[in-house]
Amino acid sequence: MATDKPRFSLTMDESLLNRVENYQLKHKIPTKSKAIQCLVEVGLRDLQQASAALNTKENLTLNDEDEELLRLYHQLDHDDRLTIKGEIRGLLLTEKYQSSEKNRAI
């Protein structure tokens, strides 16, 4: 399939490629290229949100459970943080959470 989109070459170690392929399979993404594009979009969006959050962190109040989760999260490497974020997003797409979103909107 021809495309007018810019192309580039990407080299990564085998363990990172395995993680990309696992993400691709788990989320039923048709190609590695699209999986990488999704991961880049997620990462960039998260960076933008983190940057915005830094501007308001003085107003942020965390309870003990939130602080514990944050401490645990910060012990993870970047790839594992992406995995956790993907899992959370996946959970939020389930009927359980989509239903609660609809109920909140009512």
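**Entry 1: a charged helix**

I started with Glu65, which sits in helix 3 (residues 64–74); helices here are DSSP runs of H or I with at least four residues, strands are E runs of at least two, and numbering goes from the N terminus. Before going on, I noted that this is a predicted model, where local features need pLDDT of at least 70, side-chain atom pairs count only at pLDDT 80 or more, and totals for chains, interfaces and linings use all residues. Residues are numbered from 1 along each chain as its sequence is written, and side-chain values use heavy atoms, with hydrogens and water left out.

Is Glu65 buried or exposed? Glu65 is exposed, at 55% relative accessible area (buried is under 20%, exposed over 50%, partly exposed in between, with a 1.4 Å probe and protein chains only). Glu65 belongs to a surface patch of negative charge, together with Asp64, Asp66, Glu67 and Glu68. For such a patch, residues need over 30% relative accessible area and no salt bridge, and like charges are joined within 9 Å. Asp and Glu count as negative, and the charge is placed at CG of Asp or CD of Glu.

**Entry 2: the whole chain**

I counted five helices and zero strands, in the order α-α-α-α-α. Of the 106 residues, 10% are buried. The accessible surface comes to about 9,400 Å², with 56% of that on carbon and sulfur atoms (Shrake-Rupley, 1.4 Å probe). Among contacts with a separation of 6 or more, 33% are between residues 24 or more positions apart (contact: heavy atoms within 4.5 Å).

**Entry 3: salt bridges**

How many salt bridges does the structure hold? I found six, each a side-chain nitrogen of Lys or Arg within 4 Å of a carboxyl oxygen of Asp or Glu.

Arg19 bridges to Asp79, with the closest N and O atoms 3.6 Å apart. That pair runs from helix 1 (residues 14–26) to helix 4 (residues 78–92), 60 residues apart. Arg19 is partly exposed at 27%, and Asp79 likewise counts as partly exposed, at 26%.

Arg19 also bridges to Asp80, at 3.0 Å between the closest N and O atoms. Arg19 is in helix 1 and Asp80 in helix 4, so this pair ties together parts 61 residues apart in sequence.

I then checked Lys85, which bridges to Asp46 with its closest N and O atoms 3.2 Å apart. Lys85 is in helix 4 and Asp46 in helix 2 (residues 32–56), so parts 39 residues apart in sequence are tied together. Shared partners join Arg19, Asp79 and Asp80 into one network.

Note on methods: Patch = residues over 30% accessible without salt bridge, like charges linked within 9 Å, V, L, I, M, F, W, Y side chains within 5 Å.
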